[in-house]
Each structure stands twice: as C-alpha cells, then as structure tokens.
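Today I opened a new structure and jotted down what I looked up. Come along and check each entry against the picture.

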Amino acid sequence: MEKKQLDWANIGFTYIPTDYRYVSNYKDGAWDKGALSTEANIVLSECAGVLQYAQTAFEGLKAYTTKDGRIVTFRPDLNAERINNSAKRLEMPPLPEGQFLNAVDQVVSSNGAYVPPFGSGATLYLRPYMFGSSPVIGVKPAEEYQFRVFATPVGPYFKGGVRPLTLRICDEDRAAPNGTGHVKAGLNYAMSLHAIVEAHTLGFDENMYLDAATKSMVEETGGANFIFITKDKKVVTPKSNTILPSITRRSLMEVAEKYLGLTVEEREVPVSELGEFAECGLCGTAAVISPVGKIVDHGKEILLPSGMEGMGEVTKQLYDTLTGIQMGEIEAPKGWIHEI
Ligand code: PLP
Ligand code: COI
C-alpha cells in the first residue's frame, strides 16, 4: 500500500485524522455488529451520559511495521480485557473480546497508508473508547453506548524525543483509595489536567503522584507507570491497587527477567527511597520508556545518577529489547505479537 507523505521522523504526539474509524452502538441490551466509517465527527444528545457525568473509558495501543514489512499490534488482548474492567467499574456494558480485536484489526488495515514505516521513529497509535451516548439527567448509567476505535500516527510522547525528563512530586491526588485509579476512566485524566498544566508552567515535564492515603508511596504519573533500577541492577516497580496496570510495565517485568536475567521486584516504593536508585523511567504505550533524570520534591532535587544526557544502561537495555520485540527484530514470547 502506498504510504501517505508524512514527515514521519518529525511528527509529535498529536491527533492527525486518518481515513477510517470503527463504530459500534449498544442499544436494547446488545452491541451491534459495528462497521468502519469515514466520519470523524460524532453527533450526540446534549444530555449524553459522557457529557454530563463523564461515563467514558479508553485504551491505547500501537501498530508497528516490523523490519520484514509486516504490520503488527502488541498484546491487544490485554487492552480488550482492560477496557472491560474499566467498563465494569463505570457501569458500561462489556464488549466481546473478539469484537474489540476485530475492530482494532479493521482500523489498522483500512488505514495501512498511515502505518509509519519501520525505523521511522513513528508508530500508529490506536485509541479504542466507549461512552454513554443516551441522555441521563439523574445520576445513573446511560442506556445506550458507543464504542469506537480511531487511529493516528504518532511520534514521541515527550517533546524532544528520548531525553531525560524532570518530574515534580505534586500535591494533588490522581486516585483515591477504592476509586478509579486502576481503570482507564476518562475522569482520571480530567482531574490530572490542572496539575499537568501547572507542572508545565513551572518547567517540569510530568507529575509524580503519591498514594492519596499516606502521601508516602510512589504511584505513577498522569499517563505512565514507573520503573526504577537499583544500584545493583534490580528492576523495581511500584505495587499499588490505585495505579493503572500498565501493559508495557507487565511486559517489561517479563523482559527483564527472561531476556536480561535481571531480578524484578513489584513492591511499595517509599518516596524516601528515591535518592537511592541508579535509574528511573516512565513506561507506557505512549511513553514507551522515557528516562527520568531529575525528581523535585517540594524544592529538594533528587538527581538520578544516570544523568540528564541519555538513558541509563539498564533502561536502555530494557528499551532496546522491548522495542526490538515490538518491531520484530527480537523473538517475542508466545502470543505477544498479533499480525494484521
Ligand atoms: N498509567 C496511566 C495513568 C496511563 O494512562 C497509561 C497509558 O495507558 C499507563 C500507565 C501505561 O499503560 P500501558 O503500558 O498499558 O499503555
Ligand atoms: C497510552 O499510553 O496509551 C495512554 O493512554 C497515555 C496517555 C497519556 C496518552
């Protein structure tokens, strides 16, 4: 398929509309069979559940062109499972896994011209999402829903590509105990907007959120989980039931153990331990692995020994192995790569 003439190496993480998106509607207790559409705009009731009470959840995954020219997605079954966990928490109807996977495949194959070439530094980001579409004025779930998937080519999430980031520990909370931090609800992102705008104004790239109950344990950022590397090269990642269970992080834990022979610890990470790590990174579909160079805790600077120039040694090994698997250069564990 002839590719679109896009400046692949220089696209950022922005929305570029593509030709086709998938739409399915839920009505009278069932999802319809769904279809591709060329219409990027949605007409909705002014009183739709999503508009009034934020009844919406989303997913994020990417399609890659492999070295040998195949187009693949990475562990889409886990996104299918996670959107249904989100749906359940927000009283939305689950979507059959097969329909989710088929929708993603259709959107990728119909937008083949937008899948960035191998080695370009860009990928095709897929955004599946579900929302309450029928009117509700009393606080209750909508009766009708829409599920959509669109695609947009993206470059690096953080401006400037792979460069160590500066984070601040912020005072706002992202997730309450027993709240929605463990699901991908749109509302989690709405409430992070003020803190991210403030962080950017103050010159920080991202916020490090702490646990709301004790403000002593590291949780995650607004859009990625943390990994830390200890001085003796162990991989440590925060354990918390108020963070999003990142598919990238779960994959990295396996990559670290099975491909790199590293010890992995998923455990609570106290803020007081931050000064002892050798490396720190943000991991997620959009973030991939973005190295962190500095964390500022209310004016106190914590400098990671890996510095502000590039990725630390272990972070780089994890990055190279994960992206090598995703781009078909390194053999993947069974079931991780889905060919379109
Ligand atoms: N944490 C948050 C809050 C996110 O929005 C994301 C992005 O999806 C992640 C973590 C990373 O998850 P994943 O690796 O599944 O993309
Ligand atoms: C993703 O990584 O897919 C996300 O949804 C994070 C978002 C901040 C872009």
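I began with ligand 1, and I found it surrounded by Gly60, Glu220, Gly223, Ala224, Asn225, Leu244, Ser246, Ile247, Thr248, Arg249, Gly284 and Thr285. A residue counts as near a molecule if its C-beta atom, placed from the backbone, lies within 6 Å of it.

I noted that this is a predicted model, where local features need pLDDT of at least 70 and side-chain atom pairs count only at pLDDT 80 or more, while totals for chains, interfaces and linings use all residues. Residues are numbered from 1 along each chain as its sequence is written, and chains are lettered from A and ligands numbered from 1 in the order in which they are written.

Next I sorted the shell of ligand 1 by class: three nonpolar, seven polar and two charged residues. For the classes, Ala, Val, Leu, Ile, Met, Phe, Trp, Tyr, Cys and Pro are nonpolar, Asp, Glu, Lys and Arg are charged, and the others, Gly among them, are polar.

Which helix gives the largest share of the shell around ligand 1? I found that helix 6 does, with three residues. Helices are DSSP runs (H or I, at least four residues), numbered from the N terminus.

I then looked at Leu260, in the loop between helix 6 and strand 13 (strands are E runs of at least two residues). I recorded Leu260 as partly exposed because 16 other C-beta atoms lie within 10 Å; buried takes 20 or more, exposed 12 or fewer, and partly exposed is in between, with C-beta atoms placed from the backbone.

My last entry is on helix 6, where Ile247, Thr248 and Arg249 are among the buried residues.
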